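Reader: Could you take me through the spot where the ligand sits? I'd like a close look at that one part and what surrounds it.

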Amino acid sequence: MSLNMKETINAIQTRINNALTRSGRSPGSVALMAVSKFHTVNEIQSAIDAGLTLFGENRVQEACDKFSVLELDNPGISLHMIGSLQRNKVKAILPLVSCIQSVDRIELLDEIQKQAVKTNKIIDILFEVNTGEESKSGFTDENLVFKALETVSNYTSSNIRPHGFMTMAPFTKDEKLIRSSFRKLTQIQKKAQDMFPHFNLTELSMGMSNDFEIAIEEGSTIVRVGTALFGARQ
Ligand SMILES: *Cc1c(COP(=O)(O)O)cnc(C)c1O
């Protein structure tokens, strides 16, 4: 294990804990996800050896290539899909992940439900919401999110377990814009939880290397950190 990785993780964990303390939240209420896209199996293995257990990938082929190997040797780790997902790739990614965070349209839900039923798998999902102006992915309107929740409610014996929401803040240095984007997601969560009390919509996946402290102050429960952990992507 690289000592460096351990130190990097400790430093990030300290910043996470400080943000939690600052906002009056309890320690341990945020999960640190290592976003390992573009990084090698060896780099991921060193993160696992340093104690990380939650990983995120955004491309199906890359995720399959790397994690079908890694999971055999590391039974305790889990992987989430965080990138835009085509319907014809659902079947391939499903066996490998415990959660799909990037559900951004209803036809994708239908395919996940179909494949999950076929393989008898219960799959967590998050609804990705476009809360900024320039993001390309995610539901663009809260009413579409509610409609998607309705869709899952109407499945007879759903294999899909809606578990919350995911967003990416706009790429900017303007802290106000970033904060308001995260706040939007929290507001949608509150509304959705009131409307769909039979779901446990507690997860808020928001915050990346450059903005995870703001996200935690706004209620994030999962921060998705790539660059700050592994360095710049090639
Ligand atoms: C790449 C990526 C991240 C990590 O971004 P960093 O700025 O490297 O921390 C987080 N979330 C998603 C959806 C990503 O695609």
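Author: Here's a walk through the pocket first, then the ligand inside it. Bear in mind that this is a predicted model, where local features need pLDDT of at least 70, side-chain atom pairs count only at pLDDT 80 or more, and totals for chains, interfaces and linings use all residues. Residues are numbered from 1 along each chain as its sequence is written, and side-chain values use heavy atoms, with hydrogens and water left out.

The largest pocket holds about 1000 Å³ of space. Its lining comes to 37 residues, and Lys37, Met168, Ala169, Phe171 and Met208 are the closest to its centre. (On a 1 Å grid over the protein atoms alone, a pocket is an open set of points where a 1.4 Å probe fits, with protein on both sides within 12 Å along at least five of seven lines; lining residues have an atom within 4 Å of a point. The volume is the space filled by probe spheres set on the points, which are joined across faces, edges and corners.) Helix H7 (175-195) gives the most to this lining, three residues. Strand S8 (222-225) supplies at least two. (Both are DSSP runs numbered from the N terminus: helices are H or I, at least four residues, and strands are E, at least two.)

The ligand sits in this largest pocket, meaning more than half of its atoms lie within 2 Å of the grid points. Among the residues around the ligand are Val35, Asn58, Ile82, Ser209 and Arg233, each with a heavy atom within 4 Å of it.
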